[in-house]
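Please look through the structure shown below with this short briefing beside it.

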Amino acid sequence: MNKFKIFLPVIAALFIFVSCNTPAQVKTDEIAVKVDSLIELMTIEEKIGQLTLYTSDMDQTGAFIRKEYESDIKQGKVGAIFNAYGTDYTHRLQEMAVNNTRLRIPLLFGYDVIHGHRTIFPVPLAEAASWNLEAIQNASRIAAEEAAAEGLHWTFAPMADIARDPRWGRMVEGAGEDPFLGSVIAAARVKGFQGENLTDLNTVAACIKHFAAYGASQAGRDYHAVDMSEIMLREVYLPPYKAAVDAGAVTAMTSFNDLNGVPATSNHFLLTELLRDEWGFDGFVVTDYTSIMELLYHGVAADTAHAAELSLEAGVDMDMQSGFFQQSLAKLVAEKRISEDLINQAVSRILTVKFELGLFDDPYRYSDKEREKNNIMRPDQLDAARDMARKSVVLLRNEENTLPIDKNIKTIAVIGPMGSNQRDLIGSWSAAGDWTKAVSLVKGLEERFPNANIIVEEGCAIEGNDKSGFKRAENAAKKADFVILALGEAYWMSGEAASRSEISLPGAQQELAEIIINTGKPVATIIMSGRPLTINWLAENSPAILQAWFLGTQSGHALADIISGDYNPSAKLPVTFPRNVGQIPIYYSMKNTGRPFDANSKYTSKYLDVPNEPLYPFGFGLSYTTFTYDNLSVSKPTYAMNDSIKVSVEISNTGKVAGEEIAQLYVKDHAASMTRPVRELKAFKRVWLEAGATAIVHFSLHPNQIGFYLSEKEYVTEPGKFSIFVGGNSNANLETSFELK
Ligand code: GLC
């Protein structure tokens, strides 16, 4: 049989194979073939190099840096570098890898592009307050575009940790307290970063972090132990990570904490049974900074080799910064303590992402001078950041329509440490952001009110007890027609390793606020912070309050847009604001208890010294207009388990200006086999209404959205009575109900 005849069946098989698979499937299979054949050629040392991630010394995001990273690259002892960006630098490092190693495997470049790369967007908690998934996805898309223009392939985002303890500094990095809101936001971020196709030069690989339940660190103290039932884990903390997996994230990061006694980094249940076997995640798992080494401190590993063995066997693929894989895996294989198959599996997952990014076609494709010049801080990107910022500011109070201020106002006094501030505006995890390019509140006001006399007095610093500026500040307030109090935290008071045991205004700012507000002038207080602050006195005494978080590069313009009324605030709180630390943890979806609070009865669930209610509830936010909700109804009184539950409500703009309302739908299960929260967010819709207009808003729920875990492995929706509440915050009292059969 001649040669051609031998190949005939092979060609036919290939044709059948290709024609039965989608292009994406063919691509995946093609990559799998390439990965497998490359692994066949690799030595154990070359494989272990691919499982190792080191930081450059361009930026520092952890305890220590390994200075020898460049020689590691040349020796093939590292397969990925983080905290290195810029086309020149990444090109130089990439050449070291490609030109000095036997198989010329390209490096992966990662960085914490959390809320923008050069154009810094509002911190993630602020963006979450927008409840605007399109805007959030677009913000991530722009972050990816800028990062990829500077040689980056991979971002360590989205941070999808549910957080219900504002003492925890990293609350700022996530989407707040609610599993439903956190899930849709995590998915939007993944889609923004990764786009439709990872090979696209304007996209980067996402990384779901920190897996898992890092936000439940005991007492809000960073890195602390986490302990909860698996049912609580599945109902509250896991959904956003799962949503990110379902959105196609190609990497995940283990969290520092232990979970029920087992550190996440050596937790086979989390990393293999749940993430891979149950959820079908097929990307690679990287640890957080030196987390494998930290197994020694957790007290679960006896030595370096044991720590490496535990984490690889649990499901870790890449070791960030500890070097323990580099030090131990070859020996562990030689001693038959681990199988080389485990290493091959990890290498395969990592090489697959490198192929998907197109790095084997052209290792330098992301390090492109042209794109670096044209794709960074463009006017359209800055405009998007300004719009995202406007959408993120929550109007907490506005007595007698103190805001917006008259556009012809004569004298404005801006008082407080955040008035001219620029550094703090870009918040923590500000990547390659240049704070000197941030637009301060004062600058934004000067541009928006060019004819006004704007007096600026700091009054006091963010922290410390120096009150020597108080008198000047008070005199400035007395001269002004309107006073803007600009108060808050420093950027480093939230973010990693930045938990606070008290969450009041730092320093002497409260005292300054009292002096200024007691002048009797019209005052709007702007709070810039990475967490809810216990601003109880301001909530009673400042005529207007804006929660501005940290709004990024365009802060001043966005705030001026709101203060002038050019933009009508629409944001809603993604976290509950406690009255004091003693109430924590506090969140809207609490359980009712067997003795719900009753003012007329001693023996009910309460504190002696503070109400149970928060200062501001989840989902709360005012507008310059007012909205009413009427005629809430369901399409029928009874539904079967496979029905779609149709809900409609009438929303009217009863004020004088147009505005956007975020209508929220909460569900209560009246009687179930397990205690259920008093209510849970299950849907929301943003509605734009002109003054005087009315709209009918429709929601659709499926019974499987209103179920719960009867046990760790059994998710059920039970028949029975359910209530639906729809309104502008989690205290919505417009109610209807239905029966599920
Ligand atoms: C840090 C953070 C993590 C970050 C990583 C790399 O310690 O915990 O969020 O992505 O190290 O900088």
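A polar contact is a pair of N or O atoms within 3.5 Å; within protein, one atom must be able to donate a hydrogen and the other to accept it, and residues adjacent in sequence count only if both atoms are side-chain atoms. The model is a predicted one, in which local features need pLDDT of at least 70 and side-chain atom pairs count only at pLDDT 80 or more, while totals for chains, interfaces and linings use all residues. Residues are numbered from 1 along each chain as its sequence is written, and side-chain values use heavy atoms, with hydrogens and water left out.

**The ligand and its surroundings**

- A polar side-chain atom of Glu 496 lies 3.0 Å from an oxygen atom of the ligand, and for a polar side-chain atom of His 210 the distance to a ligand oxygen atom is 2.6 Å.
- In the side chain of Asp 112, an N or O atom is 2.5 Å from an oxygen atom of the ligand.
- The protein buries 100% of the 310 Å² that the ligand exposes when taken alone, where accessible areas come from the Shrake-Rupley method with a 1.4 Å probe and, for residues, only the protein chains shown count as cover.
- There are 14 residues around the ligand, and those that come nearest are Thr 61, Asp 112, Arg 170, His 210 and Asp 288; a residue is near a molecule or strand if one of its heavy atoms lies within 4 Å of it.
- The ligand sits in the largest cavity, a cavity being a set of points, on a 1 Å grid over the protein atoms alone, where a 1.4 Å probe fits but cannot get out; to sit there, a molecule must have more than half of its atoms within 2 Å of the grid points.

**The sheet of 3 strands**

- Strands β5, β6 and β9 form, in that order, an open sheet with parallel pairing; strands (E, at least two residues) and helices (H or I, at least four residues) are DSSP runs numbered from the N terminus, and two strands pair if DSSP finds at least two bridges between them.
- The edge strands, each pairing on one side only, are β5 (207-211) and β9 (284-286).
- From one strand to the next the twist averages 25°, with axes taken as lines fitted to C-alpha atoms, for helices over the stretch in contact, and angles running from 0 to 180 degrees between N-to-C directions.
- Strand β6 (residues 251-254) pairs with β9 over 3 bridges in the parallel sense, and Thr 251 has Phe 284 in β9 as its bridge partner.

**The sheet of 6 strands**

- This open sheet has mixed pairing and the order β11-β16-β15-β14-β12-β13, with β11 (394-398) and β13 (453-457) as edge strands that each pair on one side only.
- The twist here averages 15° from one strand to the next.
- β11 and strand β16 (residues 544-547) run antiparallel and are joined by 4 bridges, and the bridge partner of Val 394 in β16 is Gln 547.

**Backbone details**

- Most residues other than glycine have a negative phi, and most peptide bonds are trans.
- Phe 211 and Ala 212 are joined by a cis peptide bond with omega about 10°, and Ala 212 is placed in the loop between β5 and α9 (230-237).
- Another cis peptide bond, with omega about 0°, joins Ile 584 and Pro 585.
- Trp 131, a residue other than glycine, has a positive phi near 50° and lies in the loop between α6 (124-128) and α7 (133-149).

Methods:
On a 1 Å grid over the protein atoms alone, a cavity is a set of points where a 1.4 Å probe fits but cannot get out, and a pocket is an open set with protein on both sides within 12 Å along at least five of seven lines; lining residues have an atom within 4 Å of a point.
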